[in-house]
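Subject: Structure handover and notes

Hello,

Here is the structure for you to take over.

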Amino acid sequence: MALNNIDDARLVQQETAVGAGVQILVLALLGAGIGMGPAGWVTGLVFAVATWAVLSRALHRSGLRTFGPANRVTLGRATLVGGVTALVADSFVSAPPVSLLVGLTAVALLLDGVDGKVARRTNTSTALGARFDMEVDAFLILVLSVYVSMELGPWVLLIGAMRYAFVAAARVAPWLNAPLPPSFARKTVAALQGICLLVAGADLLPYAGNFAVALLALASLLWSFGRDVLWLWRESRVGAARAAARPAAARAAAAKTVTRTGADATGKRLELGPDLELALELGLAGR
């Protein structure tokens, strides 16, 4: 059994290594096709190595014995996101084809819902898979916001940075780590970010149109985060009130137990009648 577990772990790690290899192959194709410069190459390679390292560590800690079909889809999306990242980095020093960047982004966004469906149909949903999917989505939004900000201004970076700011804030305010209830509105807003940034980045609209689309994305994201933060704050207040009430309830219960049997001045135990017992209970409740 131990040997089987070791073999399974090796196979899982091999899949992440294959993913890194495919990422390098994509970068080679981009480099040959558009003559991608050093900035794109370095950024793409850093993305590939970082993805492999973080994913390998997460898989090792999770103890998963199989990578799973859904994670393979997400890894494919991560490869596309790595290509988009390299093109965006290259755009600071050159002008890679917008159609290529839009095409890679569009496929990555279309595959966003596929990994979840595959996980549910194959009964392979895991916490690691959900987190992997979320991190790929968040990083794609960050990269797209960087790209669009070069045209519309640095305010667009708020779209990509907001999720990471929330994670940083949760380290200072742990109540932000509480689980949120499922929300269709939240999912819709999250999907809207990628679509809006893709439209603005494609530069199909005039400047005013791109500005309005990006502003719509930011406004909806602020509303979604604000609503969730408010809900988490209210829940934390309710939880604190409940926690504060527990010791008082425990003391009242202990006092009730003690006073059910009294003692007279000489120390002899006295049995309390129903009327006196009720009076004592009412007295304790009023404290």
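Overall layout

Please keep in mind that this is a predicted model. The protein has 10 helices and two strands. Of the 287 residues, 33% are buried. Taking contacts between residues at least 6 apart in sequence, 74% join residues at least 24 apart.

Nonpolar core

The largest nonpolar core comprises 41 residues. Val84, Ile159 and Leu197 have the most contacts inside this core. At least two core residues come from each of α1 (2-34), α2, α3 (69-90), α4 (98-110), α6, α7 (157-172), α8 (184-202) and α9. The top contributor is α6, with 10 residues. As general background, nonpolar side chains tend to be buried together in soluble globular proteins.

For Val84, the contacts beyond four places in sequence are Leu101, Leu104, Thr105, Leu140, Val143 and Leu144.

Helices α4 and α8

The axes of α4 and α8 come within 10 Å of each other and cross at roughly 170 degrees. An angle over 145 degrees counts as roughly antiparallel, and α4 and α8 are therefore roughly antiparallel to each other. On the α4 side the contact is made by Val98, Val102, Thr105, Ala106 and Leu109. On the α8 side the residues are Gly194, Ile195, Leu198, Gly201 and Ala202.

Aromatic residues

There are four aromatic pairs in the structure. I describe two of them here.

Phe47 and Phe139 form a tilted pair, with 5.4 Å between the ring centres and 35 degrees between the planes. Phe47 belongs to helix α2 (residues 38-62) and Phe139 to helix α6 (residues 127-152), so this pair ties together parts that are 92 residues apart in sequence. Phe139, at 27%, is partly exposed.

Leaving aside residues within four places, Phe47 is in contact with Gln23, Ala78, Val81, Gly82, Thr85 and Phe139. For one of these, Thr85, the C-alpha to C-alpha distance to Phe47 is 8.0 Å, at a separation of 38 residues in sequence.

The second pair, Tyr207 and Phe211, is also described as tilted: 6.2 Å centre to centre and 35 degrees between the planes. Both residues lie in helix α9 (residues 207-259), four residues apart, which is about one turn of the helix. Tyr207 is partly exposed at 45% relative accessibility, and Phe211 is partly exposed at 31%. Together with Trp155, Tyr207 and Phe211 make up one aromatic cluster.

Apart from the ring pairs, there is a charge over a ring: Arg163 lies over the face of Tyr164, at 5.6 Å from the ring centre.

Single positions

Ser91 is in the loop between α3 and α4. What does Ser91 touch, not counting residues up to four places away in sequence? The residues are Pro96, Tyr147 and Met150. With a relative accessible area of 16%, Ser91 is buried.

Ala130 lies in helix α6 and is partly exposed, with a relative accessible area of 48%. The C-alpha atoms of Ala130 and Ala70 are separated by 9.6 Å, while the two residues are 60 apart along the chain.

Asp203 sits in the loop between α8 and α9. The phi angle of Asp203 is near 60 degrees, a positive value in a residue other than glycine. For context, most residues other than glycine have a negative phi.

That is the end of my notes.

Regards

Technical notes:
Residues are numbered from 1 along each chain as its sequence is written. This is a predicted model: local features need pLDDT of at least 70, side-chain atom pairs count only at pLDDT 80 or more; totals for chains, interfaces and linings use all residues. Side-chain values use heavy atoms; hydrogens and water are left out. Rings of Phe, Tyr and Trp (its six-membered ring) pair if their centres lie within 6.5 Å; planes under 30 degrees apart count as stacked, over 60 as edge-to-face and the rest as tilted. Buried means under 20% relative accessible area, exposed over 50%, partly exposed in between (1.4 Å probe, protein chains only). A charge sits over a ring if NZ of Lys or CZ of Arg is within 6 Å of the ring centre and within 35 degrees of the ring normal. A nonpolar core is a set of buried Ala, Val, Leu, Ile, Met, Phe, Trp, Tyr and Cys residues joined through side-chain atoms within 4.5 Å. Contact means heavy atoms within 4.5 Å. Axes are lines fitted to C-alpha atoms, for helices over the stretch in contact, and angles run from 0 to 180 degrees between N-to-C directions. Angles under 35 degrees count as roughly parallel, over 145 as roughly antiparallel, 65 to 115 as roughly perpendicular and the rest as oblique.
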